[in-house]
Amino acid sequence: MEKKIVFASHNKEKAREVEEMLSPLGIAVLTLADVHLKQTKEETAETFEGNSRIKAEDIASQCDYAVLSDDSGLCIEALNGFPGVHSARFMEGMPYTEKNKAILEKMKGMKDRRAAFVTAMTYISADRTIERTFLGKDDGLIIESLPSGEQHGFGYDPIFYSLALKKTYGEAGEDEKNSVSHRGRALRQVVSFLGGTDNGTDTGNR
Ligand code: IMP
């Protein structure tokens, strides 16, 4: 029988990305909407690992499927890791053009532009005997001023210059970004973990 995993996110784009990577392993990806579940616990941890565990354990407690969760954000060295785990909540409700402008304003005149995008992904097996968290990170720099011209991607992509890509995420195509991005790196670790073992996803139909 086909193996299934619940991806603990409402983001369809991310679920599609995860599906693309896991389907060659014979694993079908279900979203929270597919299984009619909701996150019930707040993300109160101070780390991405902590928050991804909260999400995975929350959903695992509500179903019998294997679960995969993720938590990501942008960490800026000179701002002591800000916005970090608060990346989604910083200036909540405002468009990212405004958020990005505010970050560049905060960093005006700062020489140290180092930053990293970070993702933690937590996998919990269907029989609940395995819980593993994987970390992906892409190092870069915060650019000095908002770019003009059309941008790809979302969120803080336009202001993050990836050292691996030698361009901003906003200038990169989707596949190019995934080849080095925090989420891509974390997801490839999940894939090699699940591909290298009897992956414990089982059918979730117990
Ligand atoms: P999430 O935990 O993956 O939903 O990410 C939380 C927040 O971090 C998002 O709402 C964005 O503000 C930011 N973020 C995470 N990943 C990216 C990315 O790849 N590009 C731009 N912003 C991101």
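Reply:

**The ligand and its pocket**

The ligand sits in the largest pocket. A pocket is an open set of points on a 1 Å grid over the protein atoms alone, where a 1.4 Å probe fits, with protein on both sides within 12 Å along at least five of seven lines. A molecule sits in one if more than half of its atoms lie within 2 Å of its grid points. This is a predicted model, in which local features need pLDDT of at least 70 and side-chain atom pairs count only at pLDDT 80 or more, while totals for chains, interfaces and linings use all residues. Residues are numbered from 1 along each chain as its sequence is written, and side-chain values use heavy atoms, without hydrogens and water.

Around the ligand are 15 residues, and Lys14, Tyr96, Asp157, Lys177 and Arg183 come nearest (near: a heavy atom within 4 Å). They divide into 5 nonpolar, 5 polar and 5 charged, where Asp, Glu, Lys and Arg count as charged, Ala, Val, Leu, Ile, Met, Phe, Trp, Tyr, Cys and Pro as nonpolar, and the others, Gly among them, as polar.

One oxygen atom of the ligand is 2.5 Å from an N or O atom in the side chain of tyrosine 96. A backbone N or O atom of serine 72 lies 2.9 Å from an oxygen atom of the ligand.

The lining of the pocket numbers 30 residues (each with an atom within 4 Å of a point). Nearest the centre of the largest pocket lie Lys14, Lys55, Asp71, Ser72 and Ala88. By class, this lining has 9 nonpolar, 9 polar and 12 charged residues.

Key. Polar contact = N/O pair within 3.5 Å; in protein donor to acceptor, adjacent residues only side chain to side chain.
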